Amino acid sequence: MTVLSSKRVLEDNHTCDPSAITALTLTHKALTDVSCLSEFKNLERLDLSANNLTSLEGLRSSVNLKWLSVVKNKFQSLKGIEGLTKLTVLNAGKNKRNSMDEIRSLISLRALILNDNEIVTLCPLDQMKELNTLVLSRNRISKIGGSLNKVKSITKLSLSNCQLQSIDSFKSCTELKELRLAHYDIKVADVVLLSSFIMSRMDISGR
């Protein structure tokens with residue numbers, strides 16, 4: 001168990017003032033607890049990739065965060081992130097999450113990356129008026145439903161290696177330019193839909 005201490009963070013950044021720190025990179029440190037970060041009120045960018053974190057409760061007070069990466073940890077949920085409404089980029093790929101519900105309140109998101117999790121269904125994203133990049137590849141998603149109906153700002157969408165049954169729900173994404181659907185069994189009806197996308201200058205990629 002490795003608990004991050006504010007003293008160590010201050011020493012590593014050569015300051016004694018927590019408010020002076022706006023960005024931190026704390027990757028590959030086997031961290032299990034980062035609750036001390038509540039003291040760093042002006043944090044805007046935080047990279048916690050490749051640790052052993054199971055909870056983000058310690059970030060509840062980090063309300064000024066705009067960029068957050070928690071890739072390759074051990075999260076089954078992101079409870080504690082709900083109040084970080086200034087986030088514009090969230091990368092929580094390569095965890096063990098099976099739900100997206102905690103991110104519904106993050107209305108300022110422009111990029112949401114949740115690849116390599118265990119997500120089954122999408123939560124409504126209609127409040128995210130500026131969301132342009134959504135990466136959900138390698139999840140267990142089988143249906144999109146109405147989650148994307150009002151998200152007209154999306155230009156890049158990745159659902160490769162999921163378990164999709166239909167792509168009909170993409171019709172409302174009128175700004176799509178890049179759609180990734182590797183390992184999706186395209187049906188006749190999908191060919192018609194994809195053809196209309198192509199006519200609308202979109203790039204289709206299987207990468």
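This is a predicted model: local features need pLDDT of at least 70, side-chain atom pairs count only at pLDDT 80 or more; totals for chains, interfaces and linings use all residues.
Residues are numbered from 1 along each chain as its sequence is written, and side-chain values use heavy atoms, with hydrogens and water left out.

Reading along the sequence, you will find the pattern β-α-β-β-β-β-β-β-β-β-β-α-β. The chain has 207 residues, of which 46% count as buried; buried means under 20% relative accessible area, exposed means over 50%, and partly exposed is in between, with a 1.4 Å probe and protein chains only. Its accessible surface comes to about 10300 Å², and 49% of that belongs to carbon and sulfur atoms, the areas coming from the Shrake-Rupley method with a 1.4 Å probe and, for residues, with only the protein chains shown counting as cover. If we take contacts (heavy atoms within 4.5 Å) between residues at least 6 apart in sequence, 20% of them join residues at least 24 apart.

Let me turn to the largest pocket, which holds about 180 Å³ of space. A pocket here is an open set of points, on a 1 Å grid over the protein atoms alone, where a 1.4 Å probe fits, with protein on both sides within 12 Å along at least five of seven lines, and lining residues have an atom within 4 Å of a point. Its volume is the space filled by probe spheres set on the points, which are joined across faces, edges and corners. Of the 13 lining residues, L4, R8, D12, L26 and K29 are the closest to the centre of the largest pocket. At least two lining residues each come from β1 (2–3), α1 (6–12) and β2, and α1 gives the largest share, with 3 residues. The lining divides into 6 nonpolar, 4 polar and 3 charged residues, where Ala, Val, Leu, Ile, Met, Phe, Trp, Tyr, Cys and Pro count as nonpolar, Asp, Glu, Lys and Arg as charged, and the others, Gly among them, as polar.

Strand β2 (residues 23–25) also contains A23, which counts as partly exposed because its relative accessibility is 41%.

By contrast, S62, in the loop between β4 (45–47) and β5 (67–69), is buried because its relative accessibility is 1%. Again leaving aside residues up to four places away, S62 touches L37 and L84.

What about the cysteines? C36 is buried at 9% relative accessible area, and C123 is buried at 3%, while the structure holds 0 disulfides, that is, pairs of cysteine sulfur atoms within 2.5 Å.

Finally, two backbone positions deserve a look. H14, in the loop between α1 and β2, has a positive phi of about 55° although it is not a glycine, and H14 is exposed at 74% relative accessible area. R138 likewise has a positive phi of about 55° without being a glycine; it lies in the loop between β8 (133–135) and β9 (156–158) and is partly exposed, at 40%.

Terms used
Helices (H or I, at least four residues) and strands (E, at least two) are DSSP runs, numbered from the N terminus.
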